[in-house]
Amino acid sequence: MKNRLFINVLLTCLTVLLTGQELLSAPLDPNSTPPADLAQKDFWDRIGSWTREFPLEIHGFGEVRAGGRFLNDPHEKDMSIMETRMQWDFFAPLEQMSLKYKADVYGDFVTKDVHYDMREGNITVPFEFMDVKVGRQILTWGTGDLIFINDLFPKDWVSFFIGRDTEYLKAPSDAAKVSFFHDWANLDLVFTPQFDPDRGITGERISYYDPFSGDLAGENAKISAGNPDRWFRDYELALRLYRNINSYECALYGYRGFWKSPGGFDLAGRAIYPDLNVYGSSIRGPLAQGIANLEVGYYQSADNESGRDPLVKNSEMRYLVGYTRELARDFTGGLQYYVEQMVNYDNYVCFLPASIPARDEYRQVMTVRLTKLLMNQNLRLSFFTYYSPSDSDVYARPQINYKINDNLAIESGFNVFFGDYPYTFFGQFHRNSNFYAAVRYSF
Amino acid sequence: MKTSLSGIMIVLLAGLAWAATEETPDVDKIVHKANLMAYYQGNNGRARVEMTITAYEKMDDKGNPIGDEKKSVRTREFIILRSDVQDGGDQNYYVYFQKPADVRGMVFMVHKHTDLKQDDDRYLYLPALDLVKRIAAGDKRTSFVGSDFLYEDVSGRSLLEDKHELVETTEKYYVIKNSPGAPDSVEFQYYNVFIDRQNFMPVKMEYYDKKGKFYRRIEALKIETIQDYPTVTLSKVTDINKKSATEMKFSEVQYDIELKDIFTERYLRRPPREVIR
C-alpha cells in the first residue's frame, strides 16, 4: 500500500516536471495555428526528442542465492535462503533535481512467495546551501562498522543473518532528509512521518529465545509486535550536526522515536516498541597510519527512566571505539570494542521476574574484521566476527567473493552463531547457523 | 624601427635556443617542472577515464606480450575531478565510478597531502548503503581499482620521497634516475623518468627491482594540447612480473572549470553535476 503511494507520487512528479518542461520550451506564437496533423507530428517529434534527451540511466542485477542450515532446528526449515532476485535501478539526473527509483522483485522459495521490495524512490533537490531528499531512501551515518549507536535508521537483521548481500542490512526509510551546509557546521534533519521499525527477528526464518517459555521458538511462536503506526503522530526525528576539523570528522546526534526492535511487552504479553530518545556524538580520523573512531550514545528509554518497569527496556549508555589499518598490501584489519551499559541496573535486577535470566550491567562486544584482496583485487576474502566476552557468544561471518568478469560475480559464506548460553544475543541463534552461495550478474 | 625590433627578436630567440641546447637546468628544477606538467595543469581539471586491464598468458622481459592469448580483460570507467590547493602541493581528487556495473555510483575521494608527515585522507562512498567510509592511507603503492596503475601513479609521488639524479641528456629527453629515500617502503630499487626537453612532460618511466632487473614501465602513448596545456590522453602501464598491462584513456578533458569545493561529505552523498551529467 505504502509502496503504491510512493510510486504514484513519483510518477505524478515526473509528469508535472515533464509537462512543465514541455510548456517552457513550446514556442508561444498565437498567430500560427498549425494544421491538426502537423501538430500531432510535432507532438510525437517532441516525445521522440524528449526520450532521446531525457537522461535516464537504467541498471541493476539478477541474482540467484541459495543456502541451508547445518544444524537441525525443529522450529525452522532446513533451507535458510533460496531466492532469485532482480534489482532495477533507474536514475534521472535532471537540470534542477534528480530522480531515483530502485526496486527488487524476488521469488522466495523459503516463504513460497514473490516479493516486491522498493529500496529507493526519491527526489533530490539541491540548493546553494541546502539539499533536500524526499521519499523512500537508504540512510546511514555514524562511525561503527556493523555496529550502530547513533544510526537509528531501520535495519534488516533477518537479511543479514541469512546471508543476503550486506546492502540489505539497511532497510529503507520513508522520510524527508534536509541537509544544511555552512562553513561553521552542517546539519542533517531526517523526518520519518511514520515509524520505520527494524526488520527484526520474529521467529519467521530465524528462531530465537523466548524468555517467557524459557525455550527456543520460531515459526511456532511468531512475535507479532504492535508498531506505533499513526502518520505524523508516531514519527521519528533524527538529526546530525557535523563538521570536519582538519582530518577529523566530528558529529553530534539526536533522535526522538522508538526502540527500533521490540523493547518491551505490554500487559497482554505482546511485544511493543517503547519510546526512545538518543543523544550522542562521534569523532573519526587518522591515528598512527590507521583510522580511529570513537562514538557514544545515551539511550533514554522514555517509558522506563527509573528502570523499575520490568516490561520495558532500561535506559543505556553505549560506547564504541574502533581502529582500522592496512596490515600489508591489500590486507586490512579492523578492531572494535563496544559496550552497552544498562542504567539503573539495580532496579532492573530488583524488578526482574525470577524466571528470566538477568543480563549483565555491561554487555561487551568485540569485533574483528580482516579483508584480503587477491588476483588483481578480483578475489576478496573477508572475515568479520562479533565476540562478546560478557555474554560468551560469537557470531562469525567469513565470506569469499570472486569477480569472474566485469558483470559476473560469485560469492559464498557462512553465518555461524555459538555461545555458552541459549539466551544471549548471538547464542540464541546457534541453530540458525548457515552457509550460502550466490551468483550475480550486474548490468 | 622595424629592423631593430626584429634584431631584438633574433637576439632573444638565439638566446632562448642557446638556453635550451647548452644550459642544462638544475635537476631539481627539471623534476619540479615535470611534476607540475604531469599532475598540476590548470587550477583544476575534469576528465572521463576508461581503463582496460589486460592479463596476458605470456610476456617477454621487455614487457611485450607473446602471442595473442589473453587471460582476462577488465574495464573500468570513471569521471575524475581534480583541484589544486597549491600548485605543486596539496590537491583534492574526486573519482566517480560508472563501470563496471557493480561499482556504479561509488565515489572515491582523496585529500592529498604532499607533506611526508601527513597521510592523505581517503574517503569511499558506497551508494547502496549510503555509507561514507574512511580508508586508512597506508601503502600508496597498492593497485588502484585492481589495475596495474598504483595510487601513487594516479595522484603523483611526492618529490621529497626520492633522490633525483640527471643521468643522461639525449636529443629529446632528460633522463632522471630516482632512488627512494626509504628503500624498504617500496618494491623498486630505482626508476628512470624520461622528460621531454621541450615542454618537460614526463613521457616514460622505467622501474627496476631490487636486483636491478627491469620489470615495470609507464608510457605516455598520446599527448594532445588541450586549452594550451599539453595533456597525456593515452597512457599505458606494463607489469612484466604480473604479465599484465593497463591502458588509461582520457576524454572530455577540461581545465580551469568553474568548480566549487565539491571535495566534502556533501558531494559524496550527492554527486555534483560535473560528474553525473
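Predicted model: local features only at pLDDT ≥ 70, side-chain atom pairs only at ≥ 80, totals over all residues.
**Close-up views of a two-chain model**

View 1. You can find Gln227(B) in the loop that links strand 11 (214-226) and strand 12 (229-239) of chain B. Although Gln227(B) is not a glycine, its phi is positive, at about 50 degrees.

**View 2. Gln289(A), a loop residue of chain A.** Is Gln289(A) buried or exposed? With 12 C-beta neighbours inside 10 Å, Gln289(A) counts as exposed. This residue sits in the loop between strand 14 and strand 15 of chain A. Its phi is positive, about 65 degrees, even though Gln289(A) is not a glycine.

**View 3. Strand 13 of chain B and its two partners.** Let us start with strand 1 (residues 44-56) of chain B, which pairs with strand 13 (residues 244-255) of chain B in the antiparallel sense over ten bridges. Look for Arg48(B), whose bridge partner in strand 13 of chain B is Ser251(B). Strand 12 of chain B also runs antiparallel to strand 13 of chain B, and six bridges join the two. Here Thr238(B) stands opposite Ala245(B) of strand 13. Strands 12 and 13 of chain B form a hairpin with four residues between them. In that turn, Lys243(B) has a positive phi of about 50 degrees.

**View 4. A cis peptide bond in chain B.** Which two residues does the cis peptide bond join? The bond lies between Lys99(B) and Pro100(B), with omega at about 0 degrees. Pro100(B) belongs to the loop between strand 3 (91-99) and strand 4 (107-112) of chain B.

**View 5. Two nonpolar cores.** In soluble globular proteins, nonpolar side chains tend to be buried together. The largest nonpolar core in this model has 19 residues. Val158(A), Phe161(A), Ile206(A), Phe417(A), Phe426(A) and Phe429(A) have the most contacts inside it. Helix 3 (157-162), strand 21 (408-419) and strand 22 (434-442) of chain A each give two or more residues to this core. The largest share, three residues, comes from helix 3 of chain A. Zoom in on Phe426(A): beyond its neighbours within four places in sequence, its contacts include Tyr386(A), Val394(A), Tyr395(A) and Phe417(A). A second, separate core has 18 residues, among them Leu81(B), Val95(B), Val110(B) and Val132(B).

**View 6. Where chain A meets chain B.** Here 34 residues of chain A are in contact with 25 residues of chain B. On the chain A side, strand 4 (113-126), strand 6 (173-181), strand 14 (275-287), strand 15 (290-301) and strand 16 (316-328) each supply at least two residues. Which strand gives the largest share of this side of chain A? The answer is strand 16 of chain A, with three residues. By type, the chain A residues that touch chain B divide into ten nonpolar, 15 polar and nine charged.

**View 7. Confidence in the model.** The model as a whole scores ipTM 0.87 and pTM 0.88. Chain B has a mean pLDDT of 90, and 92% of its residues reach 70 or more. Among the elements of chain B, helix 1 (residues 2-21) has the lowest mean pLDDT, 53, and helix 4 (residues 265-269) has the highest, 97.

Key. Residues numbered from 1 in each chain as written. Chains lettered and ligands numbered in written order. Contact = placed C-beta atoms within 7 Å. Nonpolar A, V, L, I, M, F, W, Y, C, P; charged D, E, K, R; others polar. Core = buried A, V, L, I, M, F, W, Y, C linked by C-beta atoms within 7 Å. Buried ≥ 20, exposed ≤ 12 C-beta atoms within 10 Å, placed from the backbone. pLDDT = per-residue confidence, 0-100. Pairing = 2+ DSSP bridges.
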